[in-house]
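The sequence and the model are shown first, followed by notes grouped by topic.

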Amino acid sequence: MSDLAKVEVSGRIARLVINRPEIRNALSVELLEALHARVDELVRREDVSVLLVTGEGKAFCAGMDLKHVIDDPAPEAPARLLLSLAELTLKLRDLPMVTCAIVNGAAIGGGCGLVCVCDLAVTHESSKMGFPEVDLGVCPAVVAPWLVRKIGAGRARRVLLSGGLMSGREAYEIGIVDAVVGEPEALAGAGVEMARRLAEGGPAALRATKHLLNELDGSLEGGVVRRGAELSARVIGLEETRARLREKFGASPGNRP
Amino acid sequence: MIRVADDGPVRVITLARAEKRNALTPEMLAEVTRVVKEAPASTRVIVLAGEGSVFCAGFDLALCAAHPDGSVMRALLSGLSALIISLRDFPGCVVVAAQGGAIAGGCAMLGGADVVVTDRGAKFGYPVLRIGVSPAVSAPFLGVGAGFGPARARMLDTGLIDAERARAVGLVHEVVDGPGGVLARAMEVAKGLAEKPPTAIATTKGWLNEIEDGLRGVTPERGLAVSMGLTGGDEEREGLMRAVRR
């Protein structure tokens, strides 16, 4: 399990890598558990002041492993997966160090949600990002509070109700990411540069500022995100949704919302 | 003064008072609210549009001035609040075609929209403080929709902003080149939204409403009460007289 998520530390900068490239880092229960374990370790790393979050391989994170969920006969499977994601987003947000998503490729659905949970995000112009949940008949309820905090409710309504995907450039224009580079090859360098700049901040000042920002925007009130998980699971549990999901990507692993 | 047309799953509600730049009367607001609430179950998307060069220039101030006891102003404020709430409660998406812009009460109506399409030359804002009217009725929606910083600027500064600025703060979502293309683009957006699974749309919209309610700080009723509190006073009466003479 530990290989599904890796942490590398170098000086004051750590990297959390989502490591399931063979299915585009889609979030299964096992992968989420591995991420929980890594984030639990990071909470205690007072020597770290910047955390970069990225994906191994071509994708950042292709979203929830819904294929696995609809194949699972247990009726509580969707709720388990979504609650685990909800708790992970809360934990990640509450980390004492400043977090920056390095969006190396597709960041879709729950994957794009993780991007919004990070304090900052950087990507390249041609990455594919967004929330196609409604197109699949699913409700993006866990990620909605994070997107609203990131880009404001006026824009979030449009994004979540319209579904579909956008380019990294469009994600930058709408505010989902804070910086964009032209070529994918330039992203690693931009990430290093961003981390170096963030690490210049006084560690105590960074921690205090981040904590205050979390208090200000209600990030520490977990109730809304957990209710979102229940709501989302309820919609996935509907027969009309399950039928649609089976039809959309029944037998093709690796292409998940 | 309004028209309703059903185009399959899209209900188009048009303010049809172009000669007055679609200035709102209490009857118009009540009618729009009624046709929103009475939309057939097969309606997936509502398009709110206005005839002529401007989507909506706000309340009919001449009508307000003709009733110095404030009765028309009060009916307009409560009618506006009820309309915004009915648009938010509608389980499908609401698309507004705001060619030319949306001023004062017209801008407040955007609080009920999920997607707003406009054109490059359009203007938005609340010049109503100038006539002694408070835009507070709109504040609970604008604050969360556009962010509290931009909302504060729009509510207190009587100047107007252009379409690009309105897009930058999240008040509008798409800007087309000319006013003539706004309705066509809004219909295109509406038809795309109408094809999406209705349960997922209704649940997601309801959830966004709930998230926004949690961020609002004050209720829509409180905003309405602040605006209503000024109505019928001398400042507003004099302001209305000045506006009507202009």
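In this predicted model, the contact between the two chains draws 29 residues from chain A and 24 residues from chain B.

**The side of chain B that touches chain A**

- Two or more residues each are given to this side by α5 (139–146) and α9 (198–215) of chain B.
- The largest share comes from α9(B), with 11 residues.
- Sorted by class, this side of chain B holds 12 nonpolar, 8 polar and 4 charged residues.

**A sheet in chain A**

- An open sheet of 3 strands is formed in chain A, in the order β5-β7-β8, and its pairing is mixed.
- The edge strands are β5 (107–108) and β8 (166–167) of chain A, each of which pairs on one side only.
- Strand β7 of chain A covers residues 128–130; β5(A) runs parallel to β7(A) and is joined to it by 2 bridges.
- Within this part of the sheet, A:I108 stands opposite A:G130, a residue of β7(A).

**Confidence in chain A**

- The average pLDDT of chain A is 93, and 96% of the residues score at least 70.
- Residues 251–257 of chain A form a stretch over which pLDDT stays under 50.
- For residues 251–257 of chain A, the model has 22 contacts beyond four places in sequence.

How values were computed. Residues are numbered from 1 along each chain as its sequence is written. Chains are lettered from A and ligands numbered from 1 in the order in which they are written. This is a predicted model: local features need pLDDT of at least 70, side-chain atom pairs count only at pLDDT 80 or more; totals for chains, interfaces and linings use all residues. Two strands pair if DSSP finds at least two bridges between them. Helices (H or I, at least four residues) and strands (E, at least two) are DSSP runs, numbered from the N terminus. Two residues are in contact if their C-beta atoms, placed from the backbone, lie within 7 Å. Ala, Val, Leu, Ile, Met, Phe, Trp, Tyr, Cys and Pro count as nonpolar, Asp, Glu, Lys and Arg as charged, and the others, Gly among them, as polar. pLDDT is the predictor's confidence in each residue, from 0 to 100.
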